[in-house]
Amino acid sequence: GRMNQGHLDDAGLALPPAESTALASSYRLHAGQIGDAVAIARARRSLTECPVPDVADLRTAAGELAGRAVDGVARRVDVTHTWDDLVVEPDTRAQLAEMCERARHRDVVLRDWGLGRTGAAGTHALFSGPSGTGKTAAAQVIAGELGCQLRKVDLAAVVSKYIGETEKNLDAIFQAAADCDVVLLFDEADALFGKRSEVRDAHDRYANIEISYLLQRMEEHQGLTILTTNLRRNLDDAFLRRLAFDVRFPFPDEPARGRLWQQALGPAAPVAADVDVTALAAGYPLSGGQIRNVALAAAYLAASDGGAVRMRHLQLAVRREYQKLGKQIATDPADGP
């Protein structure tokens, strides 16, 4: 069963009913595991000035216990990004907030109001956009907001060349996720959910996947599933119809790139007066991920020079980033766009 008010009361924690209900709906732990979670939270708190665990301590402990079931099938992603880190369109931000609200009120709508009978109980979201536009960061923000672990499914490990093995692997993932309310992240979803007509080779390692089985398994899963893709048009229409959210992450425009540069250089790094963030944003069409790479590389160049980050450090770092992509730099921001 799930964590419930009675078990928490037995543990001697006088939590407000709303908080214990929220805990109960997040983690399906039996009584013994609830006792363990409380003991872990107490032990961690015993060394601090206030020895009584709060809800955040209990969430952390419960998440660790529940997450052990998923360890073999989906890799844990550290949740390091917050809402402040996201540079996205206002509508994208609104959709992400709606996803969080939907997850919070799932039990009321599906169980108390009875809408779970109609099927399609889970919340499945597609994050589509070029690489480095913040799809994984957004998944981290949602998991952090909900107090859940984020687990990335390794598709190469799931997809098996043995007929029937893929279904077993997927089954294990969804079962483990149902037991501990993790947010599941399927990266590069077109590998699994690609258009069926595009399989041209019987030896294609994805050819034996039972797409219909996978869609059915997703529909049964009541948790939150996020799928990412760089190419939305590669996805199967039957799959797209089942999505609750279709969130686009476009390549950042010039004003967004300016905010990304500001953010990437951070508040603590010493930045010289000759650094022109506006010129960098105008001169180089880079994604958020690439801008972070460049800022980090420039910071290392500056640190080895023993001084502040200068425009020349950033220009050299941009050149290195372009070399990785096999591109030449067409413009120099010092000369204007």
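Student: What makes both faces of E2 count as covered?
Tutor: In this predicted model, buried means under 20% relative accessible area, and that term applies to Thr123, Ala125 and Phe127 on one side of E2 as well as to His124, Leu126 and Ser128 on the other. Strand E2, residues 123–128, is accordingly described as mostly covered, with six of its six residues buried.

Student: How do you know that E2 and strand E5 pair?
Tutor: Pairing requires at least two bridges between the strands, and E2 has six with E5 (residues 224–229), in the parallel sense; one of the residues involved is Ala125, whose bridge partner in E5 is Ile226.

Student: How is the packing of helices H13 and H15 described?
Tutor: Two packed helices are described by the angle between their axes and the distance between the axes. For H13 (residues 254–265) and H15 (residues 288–305), the axes come within 9 Å and cross at roughly 35°, and the crossing is right-handed. The contact is made by Arg257, Leu260, Trp261, Ala264 and Leu265 of H13 together with Gly288, Ile291, Arg292, Val294 and Ala295 of H15.

Student: How do the residues of that contact of H13 with H15 divide?
Tutor: They divide into seven nonpolar, one polar and two charged; Arg counts as charged and Gly as polar.

Methods
Residues numbered from 1 in each chain as written. Predicted model: local features only at pLDDT ≥ 70, side-chain atom pairs only at ≥ 80, totals over all residues. Heavy atoms only, no water. Buried < 20%, exposed > 50% of the residue type's maximum accessible area, 1.4 Å probe, protein only. Helix = DSSP H or I, 4+ residues; strand = E, 2+ residues; numbered from the N terminus. Axes fitted to C-alpha atoms, helices over the stretch in contact; angles between N-to-C directions. Left-handed = near helix turned anticlockwise from the far one by under 90°. Contact = heavy atoms within 4.5 Å.
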